[in-house]
Structure formats: structure tokens, C-alpha cells
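Subject: Structure handover

Hello,

Here is the structure we spoke about. Please open it and keep it on screen while you read the notes.

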Amino acid sequence: SSGYVRPEKAVKAAIQDAEDNGATIWEETKVLSVNEIAGDDAIDHPYVEILVQRKNIDDPTDDRSNKTELIQTRNVIITAGAWTSAFLPSWASHLQVTRQIQGWINVSSHPQKESYYPPNMPTWYVSSPKLKLDFYGIPV
């Protein structure tokens with residue numbers, strides 16, 4: 001099976017799902033460190049300490065109001081994107097950041113717009129030594 005993901009909608013849906021399940025979203029927050037802390041015994045479970053720097057919620061426009069905060073949790077999901085190798089240096093040799101350019105072509109006012117929609121318009125791919133990037137399109 002194949003398909004595609006519209007990233008903006010996927011991120012919006014993931015944020016909404018997280019909030020619906022009790023998560024708090026902190027925008028404009030920089031993660032400074034993540035450390036796994038081993039538990040001392042069977043009662044004291046391992047946990048994760050996350051040091052963050054976030055803007056003052058009362059005045060998010062004031063760059064001087066950044067403050068650090070230490071969070072303790074049992075689980076963490078890291079979504080550092082292109083910064084993952086800097087954030088997790090032990091993974092750097094396994095990762096390669098590539099630029100993925102996306103674009104949309106609006107054909108809604110084209111006189112033959114139906115020819116650009118599935119099943120009339122196939123998925124396409126262009127690769128040439130003359131081009132610096134490969135291009136592909138998926139009709140939606």
C-alpha cells in the first residue's frame with residue numbers, strides 16, 4: 001500500500017490528539033538536556049529529567065524573560081528533526097539530514113482541471129543529472 005501525508009494536517013492532528021489525552025503543549029521551548037535517571041530499588045522507578053528553557057507565559061514577547069525549568073517524567077518522546085544529531089550525538093553517525101522541498105500547484109482555475117486529478121494524473125518523478133534535485137508529484 002502507498003500514500004502520502006500532508007505534514008501540516010498531520011502535526012495539527014497529533015497536537016490535538018495529545019491535548020485531548022491530557023498533554024500540555026509548550027511552544028517556544030528549547031530542550032537543553034534529557035537525562036535518564038536510574039531508580040534506586042524496586043519502588044523507585046527509573047525516570048527522565050528534562051531541562052528546558054521557555055519564554056515567560058505572562059509576556060512571551062519579552063526575550064529577556066526566558067527561564068529554565070526541570071521536568072521529571074517516566075517517558076519522553078524526542079522529535080528534534082534536523083537537530084537530532086546535535087541533541088543525541090551518539091546517533092549522529094546513523095542520521096543524514098536532507099532537505100525536502102514541498103510545493104503545491106493550484107489547478108482549481110485551470111479550464112481542464114479534471115485532467116490533473118486522480119485517476120487522470122499519475123504520480124510522477126523527474127530525475128536528471130542537469131538538475132540538482134529530483135522532483136516528484138502526487139495528485140490529490
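Predicted model: local features only at pLDDT ≥ 70, side-chain atom pairs only at ≥ 80, totals over all residues.

Layout

The chain holds two helices and five strands. Read from the N terminus, the order of these elements is α-β-β-β-α-β-β. Of its 140 residues, 8% count as buried.

Just after α1 comes Gly22, with a positive phi of about 95°. Most residues other than glycine have a negative phi.

Charges

How many salt bridges are there? The count comes to one. Arg54 pairs with Glu69, and their closest N and O atoms are 3.4 Å apart. As a general point, side chains of opposite charge can pair when their charged atoms come close.

Is Arg54 buried or exposed? Its relative accessibility is 10%, so Arg54 counts as buried. Glu69 has a relative accessibility of 26% and therefore counts as partly exposed.

There is also a patch of negative charge on the surface, where Asp17, Glu19, Asp20, Glu27 and Glu28 gather. One of these residues, Glu27, is located in the loop between α1 (7-20) and β1 (29-37). With a relative accessible area of 65%, Glu27 is exposed.

A cis peptide bond

Which residues are joined by a cis peptide bond? They are Pro118 and Pro119, and omega is about 5° there. Most peptide bonds are trans. You will find Pro119 in the loop between α2 (84-87) and β4 (124-126).

Thr123 is in the loop between α2 and β4 as well. Thr123 counts as exposed, because its relative accessibility is 56% and the cut-off for exposed is over 50%. To see how the chain comes back to this place, look at Thr123 and Ile138: they are 15 residues apart in sequence, while their C-alpha atoms are 4.7 Å apart.

Nonpolar surface

Which residues make the nonpolar surface patch? They are Ile101, Trp124, Val126, Leu131, Leu133 and Phe135, and the patch covers about 520 Å². Within this group, Leu133 sits in the loop between β4 and β5 (135-137). Leu133 has a relative accessible area of 38%, so it is partly exposed.

One more loop

Ile78 lies in the loop between β3 and α2. At 36% relative accessibility, Ile78 counts as partly exposed. Ile78 and Leu88 are ten residues apart in sequence, and 9.7 Å separates their C-alpha atoms.

If you want an order for going through the model, begin with the Arg54 and Glu69 salt bridge, then turn to the cis bond between Pro118 and Pro119, and finish with the nonpolar patch that includes Trp124.

Regards

Definitions and conventions:
Residues numbered from 1 in each chain as written. Heavy atoms only, no water. Patch = residues over 30% accessible without salt bridge, like charges linked within 9 Å, V, L, I, M, F, W, Y side chains within 5 Å. Areas by Shrake-Rupley, 256 points an atom, 1.4 Å probe, with all protein chains shown as cover. Salt bridge = Lys/Arg side-chain N within 4 Å of Asp/Glu carboxyl O. Lys, Arg positive; Asp, Glu negative; His and termini not counted. Charge placed at Lys NZ, Arg CZ, Asp CG, Glu CD. Helix = DSSP H or I, 4+ residues; strand = E, 2+ residues; numbered from the N terminus. Buried < 20%, exposed > 50% of the residue type's maximum accessible area, 1.4 Å probe, protein only.
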